[in-house]
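This report covers selected helices and loop residues of one model. Please keep the sequence and the structure in view while reading.

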Amino acid sequence: MNHKEKLIAKISDNKELVGVIGLGYVGLPLAVTFAAAGVNVLGFEKSTAKAEKLNRGENYIGDITEEELQAVLKNKLFEATTDFSRIAECDALIICVPTPLDIFKKPDMSYIESACISIGQNMKSGTFISLESTTYPTTTEEFMLPIIEAESGLKHGDDFWLAYSPERIDPGNVTYKTKNTPKVMGAMNEDGLKIGEMLYKKSIQNLHLVSSPRVAEMVKILENTYRLINISLINELALLAGKMDINIWEVIEAAKTKPFGFQGFYPGPGIGGHCIPLDPFYLEYIAKKFNFDLSMIHNAGHINMRMPHYMYIKIGTALNKQEKPVSGSNVIFLGVAYKPNINDERESPALEIMDIVAAKGGIVSYNDPHIPQITTHDGHKYQSVELTAKNLEQADVVVITTNHAVYDASFIGKHAKLIVDLRNMFEPDGNERIFKL
């Protein structure tokens, strides 16, 4: 049998070993989902502390439970390791590493590059490789392929197969998890598509195949760019509506009564998380190589980038109405996660607003029941304070940056003397004690 036939036979007999590179918000739920389906999984993690923690059955990702992790460990279907030479044991490799932007908003491909080098130096012939990290179209074919072939001396299509399948993790979503979220996959040839389909179908309920990796890469960018543009639009309209004394939330609810042609998006202090604020810049990066100007995406991205500054102005205006400057005022922020009910502060606008207020002399503190400590972009370190009546009463202004479900609006409203509500937790009270976005 050739390499393809051997791998297909292994997958059919459930004898394959799947390696997941990167055990973060994407990789760990995927690894546990595969293992729960009866597939042997080896998780690769650079952090020794994280690997050891997982092997003890201690979970650090909210989208799986400790019981789920401990079950696959007990059944000896999952193991975490920092030894990347063990890539040679794997029949399939799924890359789930970070893809941040650098300070110039250009994609930082170093994590993908490092994973590809490790794969090329260690993998055996007959390996299926899938990238799940968010990136720009053509990454699989034009960035990954040359590295892996150069490092391994192997040839794509004969000795290994490359595919792209974008992650669709939605932290905190209690309905859609890794298993029941439809998954897109595109491979570089038909053999890779067939192998990938056989593999992913073991752990994913609904798999949608596309004609190439670059189509799958563009799918991910489209999904999040669509959301960026619409959220940026409603944020800009919210700022205008505030100047016109129009409640934008009431406008949205009225517009939603139309049964066709409208989907409700909601304003906020800015867009956070790893995907929506970053993905459009990946597309801008590759578009420049084709001498193409994505003006709408560019403008939407910059509206979002300016939102924290506008929120600072909102805070300053509220304090001015009380004849207080920002400098010297006690400002407590409620919620620093980028969205409600999760423990993830990546790209959270709350951190930038806190930095701006601190830079203007404000005395900053925060409460977040999901995030006990943070370091802001400017390097300020904070510990979450208790949400007590005393802390609320001592604050010159309470800023609602993330509306976690555990927050009791009536308790906050009773004890806070001034509220800047950036998440629509409160109704306007008519006496300038509550300022809406």
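Helix α5 passes helix α6 in a right-handed crossing, a term used when the near helix is turned clockwise from the far one by less than a right angle. The two helices, residues 110-122 and residues 139-152, pack at an angle of about 35 degrees with their axes 7 Å apart. Axes here are lines fitted to C-alpha atoms over the stretch in contact, and angles run from 0 to 180 degrees between N-to-C directions. On the α5 side the contact (heavy atoms within 4.5 Å) is made by Ile112, Glu113, Cys116, Ile117, Gly120 and Gln121, and on the α6 side by Phe143, Met144, Ile147, Ile148, Glu151 and Ser152. Sorted by class, this contact has seven nonpolar, three polar and two charged residues. Ala, Val, Leu, Ile, Met, Phe, Trp, Tyr, Cys and Pro count as nonpolar, Asp, Glu, Lys and Arg as charged, and the others, Gly among them, as polar.

The model is predicted: local features need pLDDT of at least 70 and side-chain atom pairs pLDDT 80 or more, while totals for chains, interfaces and linings use all residues. Residues are numbered from 1 along each chain as its sequence is written, and side-chain values use heavy atoms, with hydrogens and water left out. Helices (H or I, at least four residues) and strands (E, at least two) are DSSP runs numbered from the N terminus.

Thr138 lies in the loop between β5 (127-131) and α6. Not counting residues up to four places away in sequence, Thr138 touches Phe143, Arg214, Glu217 and Ile286. Buried means under 20% relative accessible area, exposed over 50%, and partly exposed in between (1.4 Å probe, protein chains only).

| Residue | Relative accessible area | Class |
|---|---|---|
| Thr138 | 5% | buried |
| Thr178 | 15% | buried |
| Ala9 | 25% | partly exposed |
| Thr82 | 37% | partly exposed |

Thr178 belongs to the loop between β6 (160-164) and β7 (183-187). Leaving aside neighbours within four places in sequence, Thr178 is in contact with Pro29, Leu30, Thr33, Ile169 and Ile204. Pro29, Leu30 and Thr33 are among the buried residues of helix α2. That helix, residues 27-36, is mostly covered, with nine of its ten residues buried. After α2 comes Gly38, whose phi is positive, near 95 degrees.

Thr82 is found in the loop between β3 (78-81) and β4 (92-95). Beyond four places in sequence, Thr82 touches Glu45, Lys46, Ser47, Thr48 and Ala51. Thr82 and Ala51 are 31 residues apart along the chain, and their C-alpha atoms are separated by 6.9 Å. Ala9, in helix α1 (residues 3-12), is 424 residues from Arg433 in sequence and 68 Å from Arg433 in space, C-alpha to C-alpha.

In helix α9 (residues 248-255), Ile248, Trp249 and Ile252 are buried. These residues sit on the same side of α9, because they cover an arc of only 105 degrees around the axis, taken from the directions from the helix axis to the C-beta atoms. The buried residues of α9 pack against α8 (213-243) and β15 (434-436). At the N-terminal end, Asn247 caps α9, with a side-chain oxygen 2.9 Å from the backbone nitrogen of Trp249.

Conventions: Polar contact = N/O pair within 3.5 Å; in protein donor to acceptor, adjacent residues only side chain to side chain.
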